[in-house]
Amino acid sequence: DYRLDTPNKSSGIVLQEYDAEKKKLDGPIYKIFAGTELAKTEAPHLYFRNGYYYLRTAEGGTGRGHSVTVCRAKKITGPYELDPGFPMLTASDKPASTLQCTGHGSLVQTPSGRWYMTYLCTRPLNGAAILGRETALDPITWTADGWPIVNDLKGPSAIQKRPFDNFHSFPPKYLTFFLVIVHLIHNLTIS
(Lines give C-alpha, C1' and ligand atoms only; values in the text may rest on other atoms or scores of the structure.)
Protein backbone atom coordinates (compact mmCIF):
# COMPACT_ATOMS: atom_id res chain seq x y z
CA ASP A 1 0.00 0.00 0.00
CA TYR A 2 1.61 3.28 -1.17
CA ARG A 3 0.08 5.17 1.78
CA LEU A 4 2.37 3.46 4.27
CA ASP A 5 5.39 5.31 2.89
CA THR A 6 3.97 8.80 2.45
CA PRO A 7 2.51 11.52 4.69
CA ASN A 8 -0.17 12.05 2.02
CA LYS A 9 -2.77 9.42 2.78
CA SER A 10 -4.85 10.50 -0.22
CA SER A 11 -4.12 10.01 -3.87
CA GLY A 12 -6.52 12.78 -4.84
CA ILE A 13 -10.15 13.08 -5.86
CA VAL A 14 -11.78 10.77 -8.38
CA LEU A 15 -15.13 11.12 -10.14
CA GLN A 16 -17.40 8.35 -11.38
CA GLU A 17 -21.03 8.36 -12.44
CA TYR A 18 -23.66 6.75 -10.21
CA ASP A 19 -26.30 4.71 -12.03
CA ALA A 20 -29.53 5.03 -10.02
CA GLU A 21 -31.20 2.08 -11.77
CA LYS A 22 -28.27 -0.27 -11.16
CA LYS A 23 -27.68 1.32 -7.71
CA LYS A 24 -23.94 1.37 -8.24
CA LEU A 25 -21.06 3.38 -9.62
CA ASP A 26 -20.68 2.77 -13.33
CA GLY A 27 -18.53 3.98 -16.21
CA PRO A 28 -15.06 5.48 -16.40
CA ILE A 29 -13.22 6.77 -13.34
CA TYR A 30 -11.65 10.21 -13.71
CA LYS A 31 -8.93 11.47 -11.40
CA ILE A 32 -9.94 15.13 -11.35
CA PHE A 33 -7.60 16.51 -8.68
CA ALA A 34 -4.31 15.15 -7.36
CA GLY A 35 -4.29 17.48 -4.37
CA THR A 36 -1.64 20.00 -3.39
CA GLU A 37 1.49 19.96 -1.24
CA LEU A 38 -0.79 20.34 1.80
CA ALA A 39 -1.65 16.65 1.28
CA LYS A 40 -4.40 14.61 2.94
CA THR A 41 -6.90 15.74 0.28
CA GLU A 42 -10.46 14.71 1.15
CA ALA A 43 -14.13 15.71 1.49
CA PRO A 44 -14.83 16.91 -2.06
CA HIS A 45 -17.80 19.15 -2.85
CA LEU A 46 -18.73 20.14 -6.40
CA TYR A 47 -20.59 23.35 -7.26
CA PHE A 48 -21.61 24.73 -10.65
CA ARG A 49 -21.58 28.51 -11.06
CA ASN A 50 -21.34 30.75 -14.13
CA GLY A 51 -20.07 28.04 -16.46
CA TYR A 52 -17.51 26.55 -14.06
CA TYR A 53 -17.43 23.44 -11.91
CA TYR A 54 -15.84 24.38 -8.59
CA LEU A 55 -14.23 21.57 -6.61
CA ARG A 56 -13.80 22.39 -2.93
CA THR A 57 -11.72 20.04 -0.80
CA ALA A 58 -10.28 19.81 2.69
CA GLU A 59 -6.50 19.41 2.92
CA GLY A 60 -3.68 19.42 5.42
CA GLY A 61 -5.23 17.10 8.00
CA THR A 62 -7.50 18.28 10.80
CA GLY A 63 -4.84 19.92 13.00
CA ARG A 64 -3.11 23.27 12.58
CA GLY A 65 -2.54 22.65 8.86
CA HIS A 66 -6.26 22.18 8.15
CA SER A 67 -7.24 24.16 5.06
CA VAL A 68 -9.88 24.64 2.38
CA THR A 69 -8.74 24.35 -1.23
CA VAL A 70 -10.73 25.25 -4.33
CA CYS A 71 -10.09 24.63 -8.02
CA ARG A 72 -12.31 24.88 -11.08
CA ALA A 73 -12.90 23.53 -14.57
CA LYS A 74 -15.19 24.14 -17.53
CA LYS A 75 -15.91 20.38 -17.77
CA ILE A 76 -16.84 18.28 -14.75
CA THR A 77 -14.08 15.80 -15.66
CA GLY A 78 -11.45 18.58 -15.76
CA PRO A 79 -8.79 19.69 -16.14
CA TYR A 80 -9.10 21.65 -12.88
CA GLU A 81 -7.05 24.78 -12.23
CA LEU A 82 -6.02 25.65 -8.68
CA ASP A 83 -7.24 28.92 -7.15
CA PRO A 84 -4.46 31.52 -7.58
CA GLY A 85 -5.17 32.62 -3.99
CA PHE A 86 -4.67 29.06 -2.66
CA PRO A 87 -5.55 28.05 -0.02
CA MET A 88 -9.07 29.43 0.08
CA LEU A 89 -9.04 29.38 3.90
CA THR A 90 -6.53 28.40 6.56
CA ALA A 91 -5.47 29.61 9.97
CA SER A 92 -2.10 27.84 9.74
CA ASP A 93 -0.43 31.17 8.89
CA LYS A 94 -2.44 33.13 11.50
CA PRO A 95 -1.30 31.91 14.94
CA ALA A 96 -3.00 34.88 16.68
CA SER A 97 -6.42 34.05 15.19
CA THR A 98 -9.10 33.05 17.70
CA LEU A 99 -10.19 30.28 15.35
CA GLN A 100 -7.66 27.59 14.45
CA CYS A 101 -7.63 24.29 12.52
CA THR A 102 -10.00 25.75 9.90
CA GLY A 103 -11.14 23.45 7.08
CA HIS A 104 -13.87 21.26 5.56
CA GLY A 105 -15.83 24.19 4.15
CA SER A 106 -19.23 24.10 2.43
CA LEU A 107 -20.55 26.94 0.29
CA VAL A 108 -24.15 28.07 0.74
CA GLN A 109 -26.20 30.79 -0.94
CA THR A 110 -29.00 32.58 0.90
CA PRO A 111 -32.37 33.30 -0.73
CA SER A 112 -31.23 36.94 -1.06
CA GLY A 113 -28.22 35.82 -3.15
CA ARG A 114 -25.45 36.26 -0.59
CA TRP A 115 -22.80 33.54 -0.32
CA TYR A 116 -21.28 32.07 2.84
CA MET A 117 -18.98 29.26 3.78
CA THR A 118 -19.51 27.07 6.82
CA TYR A 119 -16.38 25.32 8.02
CA LEU A 120 -14.93 23.39 10.92
CA CYS A 121 -12.55 25.01 13.38
CA THR A 122 -11.34 24.96 16.97
CA ARG A 123 -10.99 27.73 19.57
CA PRO A 124 -7.97 26.69 21.61
CA LEU A 125 -7.94 27.81 25.22
CA ASN A 126 -4.59 27.42 26.97
CA GLY A 127 -3.45 25.14 24.14
CA ALA A 128 -6.49 22.82 24.18
CA ALA A 129 -9.65 22.87 22.09
CA ILE A 130 -11.97 22.03 24.99
CA LEU A 131 -15.13 22.21 22.85
CA GLY A 132 -13.64 20.01 20.11
CA ARG A 133 -14.37 20.92 16.52
CA GLU A 134 -16.92 23.68 16.07
CA THR A 135 -18.65 25.17 13.04
CA ALA A 136 -17.95 28.71 11.86
CA LEU A 137 -19.47 30.91 9.17
CA ASP A 138 -17.86 33.57 6.98
CA PRO A 139 -19.07 35.55 3.95
CA ILE A 140 -17.95 34.70 0.43
CA THR A 141 -17.48 37.24 -2.33
CA TRP A 142 -16.50 36.46 -5.91
CA THR A 143 -13.58 38.08 -7.73
CA ALA A 144 -14.08 39.66 -11.14
CA ASP A 145 -12.56 36.53 -12.71
CA GLY A 146 -14.84 34.19 -10.74
CA TRP A 147 -12.89 32.92 -7.71
CA PRO A 148 -14.51 32.72 -4.27
CA ILE A 149 -12.91 34.84 -1.54
CA VAL A 150 -13.53 34.14 2.17
CA ASN A 151 -14.14 37.05 4.56
CA ASP A 152 -12.44 39.61 2.27
CA LEU A 153 -9.13 37.70 2.72
CA LYS A 154 -9.03 38.57 6.44
CA GLY A 155 -8.92 34.94 7.55
CA PRO A 156 -11.41 33.22 9.83
CA SER A 157 -13.61 35.51 11.90
CA ALA A 158 -14.62 34.75 15.48
CA ILE A 159 -17.78 36.89 15.20
CA GLN A 160 -20.03 37.09 12.15
CA LYS A 161 -23.37 38.74 11.37
CA ARG A 162 -26.29 36.41 10.75
CA PRO A 163 -26.63 35.48 7.08
CA PHE A 164 -30.38 35.93 6.76
CA ASP A 165 -32.25 39.22 6.68
CA ASN A 166 -35.31 38.16 8.66
CA PHE A 167 -34.46 36.02 11.68
CA HIS A 168 -38.15 35.26 12.22
CA SER A 169 -38.52 33.72 8.75
CA PHE A 170 -36.19 30.87 9.77
CA PRO A 171 -38.28 27.66 10.02
CA PRO A 172 -39.34 27.20 13.69
CA LYS A 173 -38.00 23.64 14.10
CA TYR A 174 -34.52 24.78 13.00
CA LEU A 175 -34.73 28.00 15.01
CA THR A 176 -35.46 26.04 18.18
CA PHE A 177 -32.51 23.72 17.54
CA PHE A 178 -30.27 26.73 16.80
CA LEU A 179 -31.30 28.52 20.01
CA VAL A 180 -30.74 25.38 22.14
CA ILE A 181 -27.23 24.98 20.68
CA VAL A 182 -26.43 28.68 21.22
CA HIS A 183 -27.71 28.43 24.80
CA LEU A 184 -25.57 25.35 25.48
CA ILE A 185 -22.46 26.94 23.99
CA HIS A 186 -23.06 30.18 25.90
CA ASN A 187 -23.39 28.30 29.19
CA LEU A 188 -20.26 26.26 28.48
CA THR A 189 -18.17 29.32 27.62
CA ILE A 190 -19.15 31.42 30.67
CA SER A 191 -18.97 28.60 33.23
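A residue is called buried when its relative accessible area is under 20%, exposed when this area is over 50%, and partly exposed in between, with a 1.4 Å probe and protein chains only. By that scale E81 is partly exposed, with a relative accessible area of 39%, and buried residues make up 35% of the 191 residues in the protein chain. This is a predicted model, in which local features need pLDDT of at least 70 and side-chain atom pairs count only at pLDDT 80 or more, whereas totals for chains, interfaces and linings use all residues. Residues are numbered from 1 along each chain as its sequence is written, and side-chain values use heavy atoms, with hydrogens and water left out.

**Confidence**
- The pLDDT, which is the predictor's confidence in each residue on a scale from 0 to 100, averages 83 over the protein chain, and 79% of the residues score at least 70.
- In residues 172-191 the pLDDT is below 50, and this stretch has eight contacts in the model beyond near neighbours in sequence, a contact being heavy atoms within 4.5 Å.

**Overall build**
- Of the contacts with a separation of 6 or more in the protein chain, 40% are between residues 24 or more positions apart.

**Around W142**
- W142 lies in strand β10, which covers residues 134-142, and counts as buried because its relative accessibility is 19%.
- Leaving aside residues up to four places away in sequence, W142 touches R49, Y54, L107, W115, W147 and P148.
- Ten residues along the chain from W142 is D152, and their C-alpha atoms are separated by 9.7 Å.

**Salt bridges**
- The whole structure holds four salt bridges, each defined by a side-chain nitrogen of Lys or Arg within 4 Å of a carboxyl oxygen of Asp or Glu.
- One of them joins E81 and R72 at 3.2 Å, N to O; R72 is buried at a relative accessible area of 6%, while E81 is partly exposed at 39%.
- Another links D93 with K94 at 2.8 Å, N to O, where D93 counts as exposed at 53% relative accessibility and K94 is partly exposed at 25%.

Note on methods
Helices (H or I, at least four residues) and strands (E, at least two) are DSSP runs, numbered from the N terminus.
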